[in-house]
Amino acid sequence: MGTPYRQLARRIEGMWWGKSRAPLVLRLASRIYAGLAARDQRRRLARQQMPPLPLISVGNITAGGSGKTPFVIWLAGALRAGGYRPVILCRGDGGSLSSPTLIAPDMPAAMVGDEARLLADEAGCPVIAGRDRVAAATMAAQHGDVILLDDGFQYRQLGRACDIVLVPTAGLGNRALIPAGPMREPAAALARADLVVRTGPDPLATLATDQRQWRWQARIIRLQDAMGTGAPAPRHVSAVSAIARPTRFHDDLARYGCTVDAARAFPDHHRYTGRDVAMLLALAAPVVTTAKDAVKLAPLWPASRPLWIARQQAEAEDGLLAAILQRLPGP
């Protein structure tokens, strides 16, 4: 990953999540985006159909970095504990699938996408990946009794029993629409959500919405060596990720007690190569990565070198799960 990209990514992230105003050209582009996005939403809503199973949508209103994947994993586990048989639908970003596919254990992340691979490995339930999630919802009826739609807030072709929107505790940034800011839709769109869930470590953050709000976070509780070398967990680390907001990962590591000596941020859903691995192995401090990145890095990593995964534990505000379940029929 070249330095120019990292510098550009930092500038964009700083602009989106800070208080500085975007350049005029980006503000003009946002107006074009707003018109196209609104038209797309009307088209999607006009084609909406009800899925064969009750559907819970987990989505966001900002571009990435809201914790959807760990939240879906937590919710799938909570539903299973309550007697439900959830099926997760996701797009399979970063993969090569052309049609909805039930993820099998031997399917690599390069085929199904990093998030789909992680969900299939850790959610304990069937996962169907594919961009046509209407067709995927039909498939889901053969494998469970409730659908979890990952990144579904804007996917209005499918009706839902419960619409959950995750918003990072950092808030909505500069509140500008893409590309001038992080917003996929105007903040007013939060009004159509059933639940607004603030994700992240700061429970005091507030949102400009009159919806009832809940808190949820996933915090790092340990470092796990994906290669099982037996090496002691490090405290000085090289943080490696290909996620939407890498600085959040770095901050999480710092809160856990790690010192980030070096950071390598690749584009979201980046497909790692042997050349990338060689570069990462040359870093002075041991590599720590996210669970989403580990599903792509581990197959390329030498067995004799530790690859540390930042393992997280979910913490939900009391009553959040009950608020979701009351919108579903019993299992």
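User: Is leucine 75 buried or exposed, and why?

Analyst: Buried means under 20% relative accessible area, exposed over 50%, and partly exposed in between, with a 1.4 Å probe and protein chains only. Leucine 75 has 0% relative accessibility, so it counts as buried. This is a predicted model, in which local features need pLDDT of at least 70, side-chain atom pairs count only at pLDDT 80 or more, and totals for chains, interfaces and linings use all residues. Residues are numbered from 1 along each chain as its sequence is written, and side-chain values use heavy atoms, with hydrogens and water left out.

User: Which residues is leucine 75 in contact with, leaving aside its neighbours within four places in sequence?

Analyst: Contact means heavy atoms within 4.5 Å. On that basis leucine 75 touches Ile56, Val58, Leu148, Ile164, Leu321 and Ile324. For valine 58, the C-alpha to C-alpha distance from leucine 75 is 9.7 Å, at 17 residues apart in sequence.

User: Where does leucine 75 lie in the secondary structure?

Analyst: Helices (H or I, at least four residues) and strands (E, at least two) are DSSP runs, numbered from the N terminus. Leucine 75 is in helix 3, residues 68-81. The chain has 10 helices and 12 strands.

User: What percentage of the residues in the chain is buried?

Analyst: Of the 331 residues, 48% are buried.

User: How do contacts split by separation in the chain?

Analyst: Among contacts with a separation of 6 or more, 74% come from residues 24 or more positions apart.
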